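Please keep the sequence and the model in view while reading.

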Amino acid sequence: MVRRARRTNRELAEVYPYAHPELDFENPFELLVATVLSAQTTDLRVNQTTPALFAAYPTPEDMAAADPEVLEQLIRPTGFFRAKARSLLGLSAALRDDFGGEVPGRLKDLVTLPGVGRKTANVVLGNAFGVPGLTVDTHFGRLVRRWKWTEHEDPEKVEADIAAIFPKSEWTMLSHRIIFHGRRVCHSRKPACGACPIADLCPSYGEGETDPEKAKKLLKYEMGGHPGQRLKPPPDYPGKPAPTLGAAE
């Protein structure tokens with residue numbers, strides 16, 4: 001299983017050499033806020049919402065002083081906006097009061113912030129600070145169970161199982177590759193098995209559409225010829241940028 005898992009990672013690296021975090025951000029604070037907003041919605045919706053949010057509140061100090069109702073309206077498109085606004089106000093105040101207005105670079109500090117759990121902390125550590133971390137979101141959990149790398153449902157147990165298979169240096173990019181594959185090919189309800197580039201390594205092959213032509217129609221984002229999730233994708237991203245809020249998607 002370990003050999004197969006490591007080979008799967010190597011092959012995913014060839015399929016997605018451009019894998020990256022799919023949230024637009026310019027600094028650790030923006031990534032932290034965007035990750036909190038990404039709960040129960042798409043990265044695309046977050047990316048369409050944050051330009052106006054960060055224009056209004058570019059720093060933790062600014063956001064901590066925000067009028068809650070104004071903040072709620074700015075983040076409304078991401079859903080659960082009242083709860084998310086409380087988290088943003090709380091974490092911004094904590095950054096201002098406890099961390100000198102700077103996002104801390106340690107897991108034990110990040111998880112003390114309102115609305116920040118291990119998953120969010122690992123996203124920030126891996127992508128804003130270069131500290132290796134596994135991002136166990138719904139896509140990650142679904143795929144590693146389909147691949148029989150773990151049997152666990154609990155994210156912390158999944159994280160521990162996968163951490164035991166791969167060296168730390170691989171954790172952040174492994175997370176990106178798995179999440180990319182889960183969003184583009186290995187969907188929850190109907191995986192595109194017949195168009196999957198790593199089908200020969202998958203013990204769950206056949207759970208989804210195996211006809212190559214039908215499976216090809218299930219591919220999403222750049223794999224299906226559609227725009228990606230970022231308004232400002234990295235230079236090596238082979239797809240089209242996402243549309244702005246209100247534009248035709």
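Helices α8 (118-128), α9 (138-146) and α11 each supply at least two residues of the lining of the largest pocket, helices being DSSP runs of H or I, at least four residues, numbered from the N terminus. The model is predicted: local features need pLDDT of at least 70, side-chain atom pairs count only at pLDDT 80 or more, and totals for chains, interfaces and linings use all residues. Residues are numbered from 1 along each chain as its sequence is written, and side-chain values use heavy atoms, with hydrogens and water left out.

Helix α11 gives the largest share of that lining, 5 residues. By class, the lining of the largest pocket holds 8 nonpolar, 15 polar and 9 charged residues (Ala, Val, Leu, Ile, Met, Phe, Trp, Tyr, Cys and Pro count as nonpolar, Asp, Glu, Lys and Arg as charged, and the others, Gly among them, as polar).

Helix α11 (residues 171-184) also meets helix α1 (residues 2-15): their axes come within 10 Å and cross at roughly 70°. Axes are lines fitted to C-alpha atoms, for helices over the stretch in contact, and angles run from 0 to 180 degrees between N-to-C directions. Asn9, Leu12 and Ala13 of α1 touch Leu174, Arg177, Ile178 and His181 of α11, contact meaning heavy atoms within 4.5 Å.

Helices α3 (residues 43-56) and α5 (residues 68-75) pack at about 155°, with axes 9 Å apart. They are therefore roughly antiparallel to each other (over 145 degrees). This contact has 6 nonpolar, 1 polar and no charged residues.

Methods:
Angles under 35 degrees count as roughly parallel, over 145 as roughly antiparallel, 65 to 115 as roughly perpendicular and the rest as oblique.
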